[in-house]
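Hello,

Here is the structure I promised to pass along. Have a look at it first, and my notes follow below.

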Amino acid sequence: WVPGHVIGKKTLPKTTAIKQPENEIDLSSIEEIEKTLGKNYVAGFIQESLPELRDLIFRLEEAKAIGDFAEMRHAAHELKSLSALFGMINLRDIAEGVEMCCIENREKEAYQLTEGINYIFLSNIEALQKIYPVDYHHTH
């Protein structure tokens, strides 16, 4: 599946990867979960899920290092979904861009989009920690 706004594009617009400051979080998804299950549940869920986010970024970078674009696409797809759940919009947008570039065999662009992904992830964690103050550095 390829979103309609991406089909046939030779390059992603410069604004596609980052639409807001890298440390902003869109709380809409998290707030919906919080309404149903409570803030403590959400904080625990975030803390338990962060290692998976880190692993996805590692998988993406490892696949990039060996030129495995199928694995890059799969890792980017999973990263897109999980980062969206936590409101990490910039991370989600980068992951979506990488996924689309891999689907369309635009390897150089896929590589370029991953530059700085760890910085964006850490910035998002910092912003999320201000809202849900749990220990983000000592998760499983």
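This is a predicted model: local features need pLDDT of at least 70, side-chain atom pairs count only at pLDDT 80 or more; totals for chains, interfaces and linings use all residues.

Helix H5 covers residues 89-103 and helix H6 covers residues 107-114. The two pack at an angle of about 165 degrees, and their axes lie 8 Å apart. Angles over 145 degrees count as roughly antiparallel, so that is how H5 runs relative to H6.

Which residues make the contact between H5 and H6? From H5 come Ile94, Gly97, Val98, Cys101 and Cys102, and on the H6 side they meet Glu109, Ala110, Leu113 and Thr114. By type, the residues of this contact divide into 6 nonpolar, 2 polar and 1 charged.

You will notice the two cysteines in that list, Cys101 and Cys102. How many disulfides does the structure hold? The count is 0. For a pair to qualify, the cysteine sulfur atoms have to be within 2.5 Å. The cysteine sulfur closest to that of Cys101 belongs to Cys102, and because it is 7.0 Å away, it is too far for a bond. Seen from Cys102, the closest cysteine sulfur is that of Cys101, again at 7.0 Å and too far for a bond.

Are these two cysteines buried or exposed? Cys101 is buried, with a relative accessible area of 0%. Cys102 also counts as buried, at 9% relative accessibility, since the cut-off for buried is under 20%.

Best wishes

Key: Residues are numbered from 1 along each chain as its sequence is written. Side-chain values use heavy atoms; hydrogens and water are left out. Axes are lines fitted to C-alpha atoms, for helices over the stretch in contact, and angles run from 0 to 180 degrees between N-to-C directions. Helices (H or I, at least four residues) and strands (E, at least two) are DSSP runs, numbered from the N terminus. Angles under 35 degrees count as roughly parallel, over 145 as roughly antiparallel, 65 to 115 as roughly perpendicular and the rest as oblique. Contact means heavy atoms within 4.5 Å. Ala, Val, Leu, Ile, Met, Phe, Trp, Tyr, Cys and Pro count as nonpolar, Asp, Glu, Lys and Arg as charged, and the others, Gly among them, as polar. Buried means under 20% relative accessible area, exposed over 50%, partly exposed in between (1.4 Å probe, protein chains only).
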